[in-house]
Amino acid sequence: MAKITFIDSSGAKRTVEAEPGSTVMENAIRNDIPGIEAECGGACSCATCHVYVDQAWADTVGGPQPMEEDMLDFAYDVRPTSRLSCQIKMTPALDGLVVTTPERQG
Amino acid sequence: MTETIKTDVVIVGAGPVGLFAVFELGLLDIKAHVVDILDRPGGQCAELYPEKPIYDIPGLPMVTGQGLTDNLMEQIKPFGATFHFSEIIASLEKTADDRFLLTTDAGTRFDTKVVVIAAGGGSFQPKKPPIEGVEAFEEKSVHYAVRKMDVFRGKRVLIVGGGDSALDWTLNLAPVAERVTLMHRRDAFRAAPDSVNKMRKLVDEGVIDLALGQVTELIGKDGVLQAVKAKLADGSTHEIAADAMLPFFGLTMKLGPIADWGLNLEENLVPVDTEKFETTTPGIYAIGDINSYPGKLKLILSGFHEGALMAQAAARRINPDRKIVFQYTTSSTSLQKKLGVA
């Protein structure tokens, strides 16, 4: 199991346990993390699971694939470490990952 | 005013479940009118994941959203449903003789015995740009669609987005507007490469402007836009003069006018029974993702089942004196005649 910490736009932190191979979005939904909508259910089709990857984790997580980059066009307040959380798969290397949810999803 | 269409059934939503309802009703000799806000059938399958695989349709190990839609359209062809695309049912009224009067935003009117809500997650509507106070400028200066190009004649138009809508309107409005500026958050576009090349050529020729960044603020008064503030890719803030803004940020799902139909909604879902899939208003049924009942699963296959049972109940309501004989398409000549195969 790996840990993910979600920080909401007001600064509140919530840490959850994630199965390897599960996506950050799935863990958010499973744990009722506010600020993640995931309207399309994880098909990389809606940009409502947008998160900012913590700067310290940005390199380990990596950047978006072209399709995800396209979907990010629809997200609110896109920043350099913006990702769609349905496209980040948990690996042992990501244990302790920190992401911030935006003020709003689209 | 256009003539009112008198019919037995209006299906609200042309997603997979709405389409299959045409089939189940058709086997019972009921013809349907189908209304959808999108300009084509398929609902979420067509809009959200046309190219993505679905693995849980019985009998189809893998099918894409578009593939499933195409197959369903083929399957329901014998039943001659009438489609009304790019329209949304704006109002629903019950009449004294237990029928329903529906009116779309385009003014199409239906007088129907039965309404089937197969609206999925709601209606797809343009996503609003994430800018504070944008509502105040809507209709006057901020437009999510172009109905008449002439509205923009002689105006400074800011188009925001990087997909086909944004690029198409950039190209179409360039000769009409006084000046077109296209703004996108990055120098890569999802639109068709041909449109992107044409756009870049116009930029090189100095006919239009391209700005890379995100709009942060609208400047104007009483809904009349004067300029927008934008954060550019290099972090600097710029002001761009504009009389009109056209944001193209894709579509999102909103429940829409169904909320006003008196259906005792629970968290934007329509409660139904599991025998007829009828709502609290007799004659209005709800099938697919939009309904709720104990044990509900939002699966396409569940919506197909709901459609089959709904059709039996709707048929009894539409033709109360007619006995329904349960038959199989494999063996019934009468069903095969309806399907055009016997």
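Okay, let's start with the record. The unreviewed UniProt entry has a "binding site" annotation covering B:Asp36, B:Gln44, B:Tyr49, B:Ile89, B:Phe124, B:Asp289 and B:Thr330. Those residues span 295 residues in sequence, and the farthest two C-alpha atoms are 37.4 Å apart, so they do not all gather at one spot. Keep in mind, please, that this is a predicted model.

Let me take a few of these in turn. B:Asp36 belongs to strand β2(B), where it is buried on one side along with B:Ala32 and B:Val34. What about the other side? There, B:His33 and B:Val35 are buried too, which leaves both faces of the strand covered.

Which strands does β2(B) pair with? One is β1(B), residues 5–12, in the parallel sense over four bridges. To get from β1(B) to β2(B), the chain goes through helix α1(B), residues 16–27, and that β-α-β crossover is right-handed. Another partner is β5(B), residues 82–85, again parallel and over four bridges.

Next up is B:Gln44, which sits in helix α2(B), residues 44–47. Is B:Gln44 buried or exposed? It has 25 C-beta neighbours inside 10 Å, so it counts as buried. Leaving aside neighbours within four places in sequence, B:Gln44 is in contact with B:Gly15, B:Gly120 and B:Gly121.

Then there's B:Tyr49, in the loop between α2 and β3 of chain B. With 21 other C-beta atoms within 10 Å, B:Tyr49 is buried as well. Which residues does B:Tyr49 touch, again skipping those within four places in sequence? They are B:Gly65 plus two from chain A, A:Ala43 and A:Ser45.

Last stop, the nonpolar core. The largest one has 117 residues, and B:Ala21, B:Val116 and B:Ile117 touch the most other members. Domain 1 (5–125 + 252–338) and domain 2 (128–249) of chain B both give residues to this core, so it lies between them. If you want to explore it, zoom in on B:Ala21: not counting residues up to four places away in sequence, it touches B:Ile11, B:Val116, B:Ala118, B:Ile287, B:Gly307, B:Met310 and B:Ala311.

That's my tour, thanks!

Definitions and conventions. Residues numbered from 1 in each chain as written. Chains lettered and ligands numbered in written order. Predicted model: local features only at pLDDT ≥ 70, side-chain atom pairs only at ≥ 80, totals over all residues. Buried ≥ 20, exposed ≤ 12 C-beta atoms within 10 Å, placed from the backbone. Helix = DSSP H or I, 4+ residues; strand = E, 2+ residues; numbered from the N terminus. Pairing = 2+ DSSP bridges. Right-handed = clockwise from strand over helix to strand, strands pointing away. Core = buried A, V, L, I, M, F, W, Y, C linked by C-beta atoms within 7 Å. Domains from an automatic or database assignment. Contact = placed C-beta atoms within 7 Å. UniProt positions renumbered as here; feature names shortened; annotations may be inferred.
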